[in-house]
Amino acid sequence: MKERLEKIAEEVRKQIEAADAPEKLNEVRVKFLGKKGELTAVLKGMKDVVPEERPKVGQLVNETREAIEAMLEETKQKMDAAIRREQLKAEVIDVTLPSKKNTVGHRHPNTIALEEVENIFVGMGYEVMEGPEIEYDEYNFEKLNIPADHPAKDEQDTFYINQDIVLRTQTSPVQARAMEQGNLPIRMISPGRVFRSDEVDATHSPSFHQVEGLVIDKNISFSDLKGTLDVFAKQLFGEETKTKFRPHHFPFTEPSAEVDVTCFKCGGSGCRFCKGSGWIEILGCGMVHPHVLEMCGIDPKEYTGFAFGVGLERIALLKYEIDDMRLLYENDIRFLKQF
Ligand code: DAH
């Protein structure tokens, strides 16, 4: 009996050695330890063993069984470890390989120009306000002293949503909204998109951007306006920049002016850039019309103020010497990356 068991154990060892996959091990297990397995057969044959021998034989069978199980288990663990090692080797990641380059976007010249304008005014204590792009005719025109029959209304080529609602043609309606809120004094700028029914060309687009400015307080005078915009021009275009206020007309300001800056290309001597004049126009401004103050709930005897409106694209085109506005709307990354 002992010999038979030893032979079985030896046979198992051989077959385990020959096994090259976990499934084969399982086959060995079934073959020897399974219901119809060889060791199980030995157990079944116990009835033929004389009773006094049975405990000894039983112990031997059990020992053999445990030995076989231990062998199987040990080999299985070795196999699993080898398989895992192979897997890890196959999945190894070379962290030293150069990564794929992601193409990233770039800030738009309009955005860069706007941030610069905002920084200048926020530095002077202004707050940034926003207003709706779809605006009441009342705010876009009426409260800005542009009544229904005013020629300025035609000049602005308005997109109408209906009789009372328009796509705002300017950021000036935000002035009216700020004044109506009534938190005086006011020192605000309001950047945003505006719309006019214009054909697209090198200097026009049906949608562009403006930055509105408004200051309302007691004793605000034209010299405050001049000083503020002079500082603005110097910070935006360089310390050596000079400003010139030319009389102009806007319905919502009185007096009104357009502001020119000395050409930053030739310094004022005249070049192709400034069409020989030495000056470049950058914005419109003026003292808020008393009638506008009144319509927006502010007493013009107590308060005065100034306002200005800058075309953002115009600033971007000038600052970055871009000669066609359409380039700003194409969003070609090769173009945008230059700024
Ligand atoms: N809203 C004017 C325009 O679109 C620009 C402007 C001029 C705004 C003078 C102002 C201002 O606030 O005072 O042409």
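In this report, Ala, Val, Leu, Ile, Met, Phe, Trp, Tyr, Cys and Pro count as nonpolar, Asp, Glu, Lys and Arg as charged, and the others, Gly among them, as polar. The structure described here is a predicted model.

**The second largest pocket**

The volume of the second largest pocket is about 160 Å³. Two elements, helix H5 (109–123) and strand E4 (186–195), each give two or more residues to its lining. Among the lining residues are Asn110, Thr111 and Leu114, together with Pro191, Gly192 and Arg193. Glu130, Gly131, Glu133, Arg168, His209 and Leu312 also belong to the lining. Sorted by class, the lining of this pocket holds three nonpolar, five polar and four charged residues.

**The sheet**

An open sheet is formed by seven strands in the order E1-E4-E5-E9-E8-E7-E6, and its pairing is mixed. Strand E1 (127–128) and strand E6 (243–250) stand at the edges; each has a single partner strand, so one side of each is left without a neighbour in the sheet.

|---|---|---|---|

Helix H5 lies across E1, E4, E5 and E9, and runs at about 165 degrees to E4. Helix H9 (residues 222–237) also packs on the sheet, where it touches E6, strand E7 (253–262), E8 and E9. The direction of H9 makes about 150 degrees with that of E8.

**The contact of H5 with H11**

How are H5 and helix H11 (residues 312–319) placed relative to one another? The two helices pack at an angle of about 100 degrees, and their axes are 9 Å apart. Because angles of 65 to 115 degrees count as roughly perpendicular, H5 is described as roughly perpendicular to H11.

On the side of H5, the contact involves Pro109, Asn110, Ala113, Leu114 and Glu116. These residues meet Leu312, Glu313, Ile315, Ala316 and Lys319 in H11. By class, this contact has six nonpolar, one polar and three charged residues. Asn110, Leu114 and Leu312 take part in the contact of H5 with H11, and Asn110, Leu114 and Leu312 also line the second largest pocket.

Key
Residues numbered from 1 in each chain as written. Predicted model: local features only at pLDDT ≥ 70, side-chain atom pairs only at ≥ 80, totals over all residues. Heavy atoms only, no water. 1 Å grid on protein atoms, 1.4 Å probe; cavity = no way out; pocket = protein on both sides within 12 Å on 5 of 7 lines; lining within 4 Å. Points joined across faces, edges and corners; volume = space filled by probe spheres on them. Helix = DSSP H or I, 4+ residues; strand = E, 2+ residues; numbered from the N terminus. Axes fitted to C-alpha atoms, helices over the stretch in contact; angles between N-to-C directions. Parallel < 35°, antiparallel > 145°, perpendicular 65-115°, else oblique. Contact = heavy atoms within 4.5 Å. Pairing = 2+ DSSP bridges.
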